[in-house]
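Dear colleague,

Please find below the structure that I am handing over to you. A summary of the findings follows it.

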Amino acid sequence: MHKDTSAEMDDFDLELDEMELTAAAAGYHYYSSITKQPCHSLSPSKGCGFMTEVLNGHDVVFQEMFRMDKNVFHKLCDILRQRGMLRDTAGVMIEEQLGIFLNIIGHNERNRVIQERFHHSGETISRHFNNVLKAVKSLSREFLQTPSPSTPPEILGNNRFYPYFQDCIGVIGGMHIPAQVPAKDQSRFRNKKGVLSQNVLAACTFDLQFIFVYPGWEGSAAGSRVLRAVLDDPHQNFPHIPEGKYFLVDTGYANMKGFIAPFQGVRYHVHEYRGANQLPRNARELFNHRHSSLSNVIQRSFHVLKTRFPILKLAPQYAFHTQRDIVIAACVLHNYIRRELKNDWLFSSVEGTTVDDLPDVDEHLDIGLVSSVQEQVAFSMRESISAEMWDHFINGWDQW
């Protein structure tokens, strides 16, 4: 009796496997067919055949193709239409224009592939790509905003961070985006890993939204140098830091007024506190561990940004000023999606996690550019925070 039941279960499992394979094959066939389907009708009522298929199709397929939820997509189209930032043409509606742009940056597709998919000429694809890029970039002032000076809820609600980091308003970090540059510029854009890249300075909130983005620096430039250039140039519109407030920065930046770095020469990254020696041994290690845990939000933000828009993982075939603008537009869309749909699938994937992608740390800091007054203010603040944190940890056996 037992053998018969076991045999029946094996048959049942085989049937399930076959059904799963059939379903997967059907899904792949559908996905492949719509990506190759040309546009036969361009009327406002029907629109592009590919667009119609995706808009009326499964939500998961839509998300995969255009990197955002349908409702979020339609609302963005409404914004661009109502503000006159884009306009419907006789041949291409705004929905399709945005779809072309998102398909390119969301899959790093070449113009030729998009021509076949949307059944338009290369010139039409390029024109609408650039129009949408310009329109989305123009939203940067609206969607890249200075954070509130009040204590962020992500700190306020966590006794590992509050009250110690109550005056922190965000995190600053850098990311390298592969770049295409002329041969004469390649030595400047080659980073320490030997890859041609643009160095992007960014600041974000603890809600994974970008506050400030400054792309376009050569890959060989140290992050501390980029930050100094931004602070020295009022035209860059770096967010005003209220008195007593500060951003967290990693070990590649100087510890100075408005920017609190971890202690040098002390283990810092979260993975260094795993295993047998995981407990912090002194105030500086405890401070660095919590600083690293809190600062990891910038790496999670970069992770979501690059996962949603893989064009940022490979050097795109565009003029450098366009490559730079793509970074800004991607950050605008990142923030827009975060505001419109908190439980977006990519944001949800990093909730409560730690991204282990380590930032590029500069070997030489621009310490000489920091005044002794700035150093002293930042030093005193960091020492005060670490001492209070350690005292509570030792006497209350606080969660570390």
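**The sheet and its helix**

Strand E4, residues 246-248, pairs with E5 in the parallel sense over two bridges. Please note that the model is a predicted one. Phe247 stands opposite Phe259 in E5. Helix H11, residues 223-232, packs on the sheet and touches strand E1 (168-178), strand E2 (197-204), E3 and E5. The direction of H11 makes about 115° with that of E3.

The sheet itself is open and has five strands, in the order E3-E2-E1-E4-E5, with mixed pairing. Its edge strands are E3 (210-218) and E5 (259-260), each of which pairs on one side only.

**The nonpolar cores**

The largest nonpolar core has 81 residues, and those with the most contacts inside it are Leu102 and Phe165. Helix H14, residues 320-340, provides the largest share of this core, 10 residues. Leaving aside residues up to four places away in sequence, Phe165 touches Ile155, Tyr246, Leu248, Phe287, Arg290, His291, Leu294 and Met389.

A second, separate core has 20 residues, among them Phe212, Trp217, Leu227 and Ala261. In general, nonpolar side chains in soluble globular proteins tend to be buried together.

**Helix H14**

Of the 21 residues of H14, 17 are buried, so the helix is largely enclosed by the rest of the structure. At 1.5 Å a residue, H14 should span 30 Å; the C-alpha atoms at its ends are 31 Å apart, which agrees.

With kind regards

Key. Residues are numbered from 1 along each chain as its sequence is written. This is a predicted model: local features need pLDDT of at least 70, side-chain atom pairs count only at pLDDT 80 or more; totals for chains, interfaces and linings use all residues. Side-chain values use heavy atoms; hydrogens and water are left out. Two strands pair if DSSP finds at least two bridges between them. Helices (H or I, at least four residues) and strands (E, at least two) are DSSP runs, numbered from the N terminus. Contact means heavy atoms within 4.5 Å. Axes are lines fitted to C-alpha atoms, for helices over the stretch in contact, and angles run from 0 to 180 degrees between N-to-C directions. A nonpolar core is a set of buried Ala, Val, Leu, Ile, Met, Phe, Trp, Tyr and Cys residues joined through side-chain atoms within 4.5 Å. Buried means under 20% relative accessible area, exposed over 50%, partly exposed in between (1.4 Å probe, protein chains only). The expected span of a helix is 1.5 Å times one less than its number of residues.
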